[in-house]
Amino acid sequence: MTAYLRPNATNPGLMERAAAATTSAGAGDANRLVALNASGKVDSTALPGGIGGRIEQIQASETLVAGDLVNIHNVGGRRVRKADASQATASRLAQGFVLAGIASGATGDVYLDGEEITGLTGLTPGTEYYLSGSAAGTFTATPPATAGHAVQSIGFATDTASIQFDPQFRYLA
């Protein structure tokens with residue numbers, strides 16, 4: 001735990017030890033120092049809006065697991081579902097991803113472009129990855145070749161465990 005000294009709120013003549021924040025929940029964390037997270041980076045929740053990628057709270061219309069690529073749609077309001085390259089007309093392209101599972105009907109963090117998909121294994125640094133046409137919500141190093149499937153790059157591996165999410169629709173196979 002990273003800590004620092006600050007003036008005591010009730011007795012300004014005394015100092016007290018306070019924990020530095022690795023994430024921020026908003027105004028309740030005002031005036032706290034920021035510490036790097038376990039990845040050695042400043043968490044995006046501690047940054048002002050417009051800096052870095054975007055994270056939005058969106059309700060899931062199906063159960064999502066950590067690492068799923070998701071599509072934002074409007075059925076009974078703004079929702080997310082697993083992205084799927086096999087859907088005709090490219091209607092379920094990846095527009096974000098989740099780092100933690102979200103139960104169907106629950107609301108959770110959806111990471112949009114500019115964020116990094118972490119916690120992966122077996123990636124080849126520098127390799128381009130694509131939305132899968134065979135398993136909804138997943139990615140592959142091989143672009144879909146089945147007629148009518150969307151070919152969408154989701155980004156490049158930055159190391160063996162991370163992809164920089166930068167979705168780009170290429171074409172229909």
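This is a predicted model: local features need pLDDT of at least 70, side-chain atom pairs count only at pLDDT 80 or more; totals for chains, interfaces and linings use all residues.
**Ground rules.** I number residues from 1 along each chain as its sequence is written, and I leave hydrogens and water out, using heavy atoms for side-chain values.

**Overall form.** I looked up the secondary structure and found 0 helices and 12 strands, with helices (H or I, at least four residues) and strands (E, at least two) taken as DSSP runs numbered from the N terminus. The radius of gyration is 20 Å, well over the 16 Å that the globule rule gives for 173 residues, so I note the chain as more spread out than a compact globule. For that entry the radius is taken over C-alpha atoms, and the globule rule is 2.2 Å times the number of residues to the power 0.38. The C-alpha trace spans about 75 × 40 × 25 Å along its principal axes.

**Surface and contacts.** I find an accessible surface of about 9300 Å² for the chain, 53% of it belonging to carbon and sulfur atoms; the areas come from the Shrake-Rupley method with a 1.4 Å probe, and for residues only the protein chains shown count as cover. Buried residues make up 35% of the 173 residues, where buried means under 20% relative accessible area, exposed over 50%, and partly exposed in between (1.4 Å probe, protein chains only). Of the contacts with a separation of 6 or more, 48% are between residues 24 or more positions apart, a contact being heavy atoms within 4.5 Å.

**Salt bridges.** I count 5 salt bridges by the rule that a side-chain nitrogen of Lys or Arg lies within 4 Å of a carboxyl oxygen of Asp or Glu.

- The side chains of E16 and R6 meet at 2.9 Å, N to O, and the pair links strand β2, which holds E16, with strand β1 (residues 3-7), which holds R6, 10 residues apart. Both partners come out as partly exposed, E16 at 22% and R6 at 32%.
- R78 and E56 have their closest N and O atoms 2.1 Å apart. R78 is partly exposed at 41%, and E56 is partly exposed at 23%.
- E128 and R170 form a salt bridge with closest N and O atoms 2.6 Å apart, joining strand β9 (residues 128-131) to strand β12 (residues 162-172) across 42 residues. Here E128 counts as buried at 17%, while R170 is partly exposed at 41%.

**Q152.** I placed Q152 in strand β11, and at 2% relative accessibility Q152 counts as buried. A polar atom of the Q152 side chain lies 2.8 Å from the backbone nitrogen of A94. Leaving out residues up to four places away in sequence, Q152 touches L93, A94, Y129, Y130, L131, P167, Q168, F169 and R170; R170 is also the salt-bridge partner of E128.

**The loop between β10 and β11.** I looked up two residues in the loop between β10 (139-140) and β11 (150-159), namely P143 and H149. P143 is partly exposed, with a relative accessible area of 31%, and beyond residues up to four places away in sequence P143 touches Y130 and V151. I also checked P143 against T10, 133 residues away along the chain, and their C-alpha atoms are separated by 62 Å.

**A nonpolar patch.** My last entry is a nonpolar surface patch of about 320 Å² made by V34, L36, V42 and L47. Patches are made of residues with over 30% relative accessible area and no salt bridge, like charges being joined within 9 Å and nonpolar side chains (Val, Leu, Ile, Met, Phe, Trp, Tyr) within 5 Å. Of these residues I followed up V42, which is found in the loop between β2 (15-19) and β3 (55-60) and counts as partly exposed at 40% relative accessibility.

Definitions and conventions
A polar contact is a pair of N or O atoms within 3.5 Å; within protein, one must be able to donate a hydrogen and the other to accept it, and residues adjacent in sequence count only if both atoms are side-chain atoms.
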